Amino acid sequence: MMQQYLRLKAEHPDKFVFYRLGDFYELFYEDAQRAAPLLDITLTARGASAGAPIPMAGVPYHAVEQYLAKLIKLGESVAICEQIGDPATAKGPVERKVTRIVTPGTVTDAGLLEAKRDCLLVAINPERQRVGLAWLNLAGGQMCLRDLSSDDLQTELERLDPSELIYPDGARPVPLDGVPARTLPPWQFDAEGAARRLAAQLGTKDLAAFGVVDAPLAVQAAGALLHYAQATQQSSPSLAHIRSLTVEHAGDHLALDATTRRNLEIVETLRGQPAPTLLSLLDRCTTAAGSRLLRHWLTQPLRARETAIARHAAIAELIAAPPKRRQLADALKHTVDVERIASRIALANARPRDLSGLRDTLSHLPELRNAIDSFLSTPLLEAVDALAVDARWSTLLMRAIATEPAAVLRDGNVIARGYDAELDELRAIDENCGAFLVELETRERTRTGIASLKVEYNRVHGFYIEVTNAHVTRIPDDYRRRQTLKNAERYITPELKSFEDKALSAQERALAREKTLYDALVSELAEAIPALQRAALALATLDVLATHAAQAEMLDWVRPTFVATPGLSIRGGRHPVVETQVEHFIPNDLELDPARRLLIVTGPNMGGKSTYMRQAAVIALLASCGLFVPAKDAEIGPLDAIHTRIGAADDLAGGRSTFMVEMTEAAYILNRATRESLVLIDEIGRGTSTFDGLALAWAIARALALSNRSLTLFATHYFELTALPSELEGCANVHFDAVEHKDGIVFLHEVAEGPADRSYGLQVAKLAGVPADAIRQARAYLARLDRFSARRDAHGDLFAAADARTASPEPVSAALDRLAVLDPDALSPREAQEALYELKRLLDG
């Protein structure tokens, strides 16, 4: 047996091998030692090898799904080895083979999948400065390709959020936290072989119809992807539900880099929590498929306005028809996850309750169509057509599947009564056994005149007729002795023997017949997969649109308008998540256009600057997704990207300081932002000396205004930057204010034109709990700084023309002022040296 196990393990060295022995799946050697602590199971031993006990651990076969789920969550893969031979006829170990391979990116079982998140397998094919990317949603039946620059790979992977990565052996691994990665032989990424494999999968002569000419590297990645996925599906390697592919291009989606996704808290907070986020606020969908589609819309907003406009129109229609919307929502409650069930049908691993759920869902499709057949928007019209699934599939399932089938096929009672005569007969034999024995006993007592005659059954001798020794002489000639007891004899008759043969095998034969019928039913349903996939997408779309319509009405959101000129015009804008976290949210307006493209945002900490900037980006994002927005009115111009530089954090693992992270993100924005990009910059330049940070902030703001000409919100506490509007065309100041009340401070949270006059930093420090003594000392030192800077114009000198800056009219005064604010006891040797150089520069003018 161990030789058989070692042979199977050699075929799957990188996976746990679950080896079926009786009622357990056993693991041996290193698998057992690794699995025991991971699964919290007992590590024991079996036999010996080379004089040492063989480590062994096991899990019950009927509870295997919960253990698989643990391993998948940990990024592990499992090969499940089943017994396929007959123990009665086997000479030596019963024949076994791997019947199922489970990996994090290829799971399709409902118990192993996250209901509200897609499970993506992603293949990467790097070549010089380009990368081919292919991704497969095996549980949903979608495959996509894209070629892109190596510089964009990390951002794209953040967008896709894969469950598993594969790439050629020898290629540089891609670091992605918590995502398992596997290498494949380079020959699996061969261009010709990949093209042939893809064409065969799609049932076409070649790939010309799919536009793959723009993604040659991705085609190679897709070939390896298919090979890997097919190898995991031992029972149905054809992947019959994968019959199309989509080639994506750089301009298809509104670009959101990884930093922006985190800063906008679309699907997780900055602390990595699932709520409160934009998704957690909006996801009130009735179905899991609707939740997955909403996540997809939010994380992959489109640049194509036609699709977004069509969604806006559908939401507006649903808002205007509350009775129809409620009818739609009620009908959706009776549907199941058709997308994933269709995939399991294709992979021949659909379970009985998948089919009963599908049957019930198909029976509600006419009601769903009736709820939307009067609407005129494109998404709703398309849904009406997609939900017109051939009634024969519903009829077939109603005939074939029991009203409440067992959870697993091996328990029986899955196929409905009346569907198959042979199965009904076998069930009748099994179920009517008791009644037959009572009837036979009555007849035999009458025939023999023996009132004490009994007809009974036991596991050892089967069915028998028992007669006491006192009446043995009265037995008929057709009685055959089966067993002799001390006070009685047990007999069998031809009639009872015939019944015994049927009864003892009836249950086993019924289960076998039921499995044959079920497998045939699943095979027949494979023809319906394309129609089921279309219906699944329609159901998910209806769920998102109807749910959002109800939310938009309740939250007072409006339909945004798209305009041709770059810019954002928002009246009464609100941050949707923050609004739910505070008692009273103050809406604010925003105007950005080519003539007013850079706004310098000043004001106190906690005054609302960051929220104001983020809400502008969120409103633009929601509009691009085709959803309504939290505002009184919103006009959105063309957008190609949203870039953000918000907050401060170091990257210890990458060896980057806070300031280095800031500058890297700023460089990324300056190198990519265009006239149609929305850029949010918050508090840049804080991680270095004051003058260095101020100079960099000024230069970055100036570049965004003059070179990139992006739509930019630039929040800062450097009040010197408020002089930029006097120097730069297209630049303006806005600010948030606060008022002091007694010993406290009240933030107004309302945007106003012009620069702020104070920062209120000491008041915010007091709110944060800084000791009163420290606040008093800070206030005194601030007064000193104000006196020494009184002779200078704090807003003018730094940003004067270059030739004016190099010739200060009062170099000695400037040097003295700088010297006056220095605290020698607080300076490190390095800072003291830098201060000396700075004083020398000031004196030199």
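Trainee: What percentage of the 845 residues in the protein chain do buried residues make up?

Mentor: Buried means under 20% relative accessible area, exposed over 50%, and partly exposed in between, with a 1.4 Å probe and protein chains only. Here buried residues make up 50% of the 845 residues. This is a predicted model, in which local features need pLDDT of at least 70, side-chain atom pairs count only at pLDDT 80 or more, and totals for chains, interfaces and linings use all residues. Residues are numbered from 1 along each chain as its sequence is written, and side-chain values use heavy atoms, with hydrogens and water left out.

Trainee: What radius of gyration does the protein chain have, and what would a compact globule have?

Mentor: The radius is taken over C-alpha atoms, and the globule rule is 2.2 Å times the number of residues to the power 0.38. For 845 residues a compact globule would come near 28 Å, but this chain has 37 Å. Along the principal axes, its C-alpha atoms fill a box of roughly 140 × 75 × 65 Å.

Trainee: How many helices and strands does the chain have?

Mentor: Both are DSSP runs numbered from the N terminus: helices are H or I with at least four residues, strands E with at least two. The protein chain has 29 helices and 27 strands.

Trainee: In what order do the seven strands of the open sheet stand?

Mentor: Strands of a sheet pair through backbone hydrogen bonds, either parallel or antiparallel. Two strands count as paired if DSSP finds at least two bridges between them. The order in this open sheet is β13-β23-β24-β25-β21-β26-β27, with mixed pairing. Its edge strands, β13 (255–256) and β27 (744–753), each pair on one side only. Two bridges join β13 to β23 (residues 641–645), and these strands run parallel. Ala-255 has Ala-641 in β23 as its bridge partner.

Trainee: Where is there an antiparallel pair?

Mentor: Look at β14 (residues 454–458) and β15 (residues 462–468), which run antiparallel and are joined by five bridges. A hairpin of three residues leads from β14 to β15, and Val-455 stands opposite Ile-465 in β15.

Trainee: Why does Arg-130 count as partly exposed?

Mentor: Arg-130 counts as partly exposed because its relative accessibility is 39%. Arg-130 lies in strand β8 (residues 130–137). A contact means heavy atoms within 4.5 Å. Not counting residues up to four places away in sequence, Arg-130 touches Asn-125, Asp-147, Leu-148, Ser-149, Ser-150 and Leu-217.
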